[in-house]
Amino acid sequence: MKVLLAAVLTAAVLTVPAQAMAEPLAVPGQSVAMQRDFGLTEQQMQQRLASETSAAKLLPAAQKAAGTAFGGAWYDAATQKLVVGVVGSARAAAVRATGAQVAAVPVAAATLDKQKSAVDKLAGKAVPPAVSGWSTDAKSGSVVINVQAGKRSQAVDAFVAKVAKAGAVTVKEVAAQAPRTFAAGTVGGDPYYVSNIRCSIGFSVYGGYVTAGHCGRSGIVRGWDGSDQGSFRGWSFPGNDYAWVGTGYGWWTVPVVLGWGQVSDQLVRGSWEAPIGSSVCRSGSTTHWHCGSILAKNETVNYGNGQLFYGATKTSVCAEGGDSGGSFITGDQAQGVTSGGWGNCSSGGETWFQPVNEILQAYGLTLHTA
């Protein structure tokens with residue numbers, strides 16, 4: 001019997017042992033994927049996950065200590081420490097007292113986020129196809145405009161000049177391939193379908209599951225076996241890329257990300273947001289488990305034809321068609337649902353995800369956790 005995706009099982013209700021929190025943060029299948037994609041030993045991988053979990057849980061206190069001087073944060077894999085950007089020196093000691101490292105940055109995160117919002121407005125919908133997107137960079141104190149390699153033109157320069165009215169911008173050359181969403185046409189044996197679209201389930205919530213907004217359609221959503229599963233209760237794309245499906249017809253939710261018999265199931269215990277630099281793994285119906293690092297947050301992605309996705313998190317993880325909506329997870333903490341990217345899992349690529357906490361807040365949902 002074929003197993004289901006992250007939100008649904010036709011088996012006994014999952015029970016969580018009392019010692020679950022003492023178990024390794026990565027189950028065997030996820031562990032293998034991380035060791036493969038990061039070149040780590042089992043011990044190194046578990047140590048990294050433990051350090052990243054500590055960093056994620058430290059971030060709220062460190063940000064509070066920085067106050068208005070907070071200039072962003074990231075995880076340093078070399079030192080296995082959370083690094084907090086601080087403007088000036090007045091709050092540095094308070095931040096260090098939390099256990100975080102401190103780095104001097106030129107601009108407060110709140111100021112830089114306002115600049116990025118201004119860039120979004122100045123950009124409008126007419127973005128040159130060669131511009132993959134843009135995001136803030138705490139270290140340089142600027143908004144970085146990502147331009148595909150070898151495709152800089154007068155149109156790109158004119159776009160950069162227009163958005164530079166909002167403040168400091170930096171142009172960065174990125175992969176020559178343009179971002180695209182990772183939905184796919186219907187293929188037999190894959191996890192959920194709506195109309196002629198096949199996508200992947202993200203995370204269980206009470207009453208259903210969350211997934212990508214560009215997969216959203218009216219009508220009945222069907223499960224892996226073709227039976228009626230539920231319907232989209234809400235979706236948003238472009239702008240955002242989130243949706244949720246309310247389930248019924250005998251389907252129920254469990255707090256796991258599944259591996260279809262090839263990768264062990266991963267319990268989901270929360271949604272602490274991992275900082276930039278942290279490792280992250282993606283589970284999708286086409287390419288299963290692949291891992292990488294979080295590269296940027298609050299990025300605007302240009303999917304072309306006026307389809308812009310705001311607030312995306314960029315990763316070095318690969319993905320392919322049909323993986324849309326699938327789970328991004330760090331250790332046992334839900335991070336987001338797959339949106340799109342460039343490349344594939346043979347030659348490599350990058351993928352963006354929609355942060356899961358924003359979806360929960362938008363629809364008033366509660367993540368189903370172990």
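Trainee: Which element gives the largest share of the lining of the largest cavity?

Mentor: Helix H2 does, with four residues. Helices (H or I, at least four residues) and strands (E, at least two) are DSSP runs, numbered from the N terminus. Before going on, note that this is a predicted model: local features need pLDDT of at least 70, side-chain atom pairs count only at pLDDT 80 or more, and totals for chains, interfaces and linings use all residues. Residues are numbered from 1 along each chain as its sequence is written, and side-chain values use heavy atoms, with hydrogens and water left out.

Trainee: What counts as a cavity?

Mentor: Rolling a probe the size of a water molecule over the atoms shows where empty space is left. Here, a 1 Å grid is laid over the protein atoms alone, and a cavity is a set of points where a 1.4 Å probe fits but cannot get out. Lining residues have an atom within 4 Å of a point. Grid points are joined across faces, edges and corners, and a volume is the space filled by probe spheres set on the points.

Trainee: How many cavities of 30 Å³ or more are there?

Mentor: Two, by this rule.

Trainee: Where does H2 lie?

Mentor: H2 (residues 42-66) lies across S1 and S2, running at about 170° to S1. Axes are lines fitted to C-alpha atoms, for helices over the stretch in contact, and angles run from 0 to 180 degrees between N-to-C directions.

Trainee: What is the strand order in the open sheet of three strands?

Mentor: The order is S1-S2-S3, with mixed pairing. Strands S1 (70-76) and S3 (101-104) are the edges; each has a single partner strand, so one side of each is left without a neighbour in the sheet. Neighbouring strands are turned by 30° against each other on average, direction ignored. Pairing has a cut-off too: DSSP must find at least two bridges between the strands. S2 (residues 81-86) and S3 run parallel, joined by four bridges. Gly 85 has Ala 103 as its bridge partner in S3.

Trainee: How many residues lie between S11 and S12 in their hairpin?

Mentor: Two, and Gly 207 in the turn has a positive phi of about 105°. S11 (residues 203-205) and S12 (residues 208-211) run antiparallel, with three bridges. Phe 203 pairs with Val 210 in S12. S12 also pairs with S15 (residues 242-247), antiparallel, through four bridges. There, Gly 208 stands opposite Gly 246.

Trainee: How many of the seven residues of strand S4 are buried?

Mentor: First, the cut-offs: buried means under 20% relative accessible area, exposed over 50%, partly exposed in between (1.4 Å probe, protein chains only). Six of the seven residues of S4 (residues 131-137) are buried, so S4 is largely enclosed by the rest of the structure. S4 is joined to S5 (residues 142-148) by six antiparallel bridges. Asp 137 has Ser 142 as its partner in S5. This hairpin has four residues between its strands, and Gly 141 in the turn has a positive phi of about 70°. S4 also runs antiparallel to S19 (residues 288-302), with two bridges. Gly 133 pairs with Val 301 in S19.

Trainee: Is Gly 311 buried or exposed?

Mentor: Buried, at a relative accessible area of 17%. Gly 311 sits in strand S20 (residues 308-315). Contact means heavy atoms within 4.5 Å. Leaving aside neighbours within four places in sequence, Gly 311 is in contact with Lys 116, Asn 298, Glu 299 and Pro 355. Its C-alpha is 7.5 Å from that of Asn 240, 71 residues apart in sequence.

Trainee: Which residues does Thr 313 touch?

Mentor: Not counting residues up to four places away in sequence, Thr 313 touches Ile 294, Ala 296, Lys 297, Thr 351, Trp 352, Phe 353 and Pro 355. Thr 313 is also in S20. Its relative accessibility is 4%, so Thr 313 counts as buried.

Trainee: What percentage of the 370 residues is buried?

Mentor: 55% of the protein chain. The chain has six helices and 23 strands. Among contacts with a separation of 6 or more, 64% join residues 24 or more positions apart.

Notes. On a 1 Å grid over the protein atoms alone, a cavity is a set of points where a 1.4 Å probe fits but cannot get out, and a pocket is an open set with protein on both sides within 12 Å along at least five of seven lines; lining residues have an atom within 4 Å of a point.
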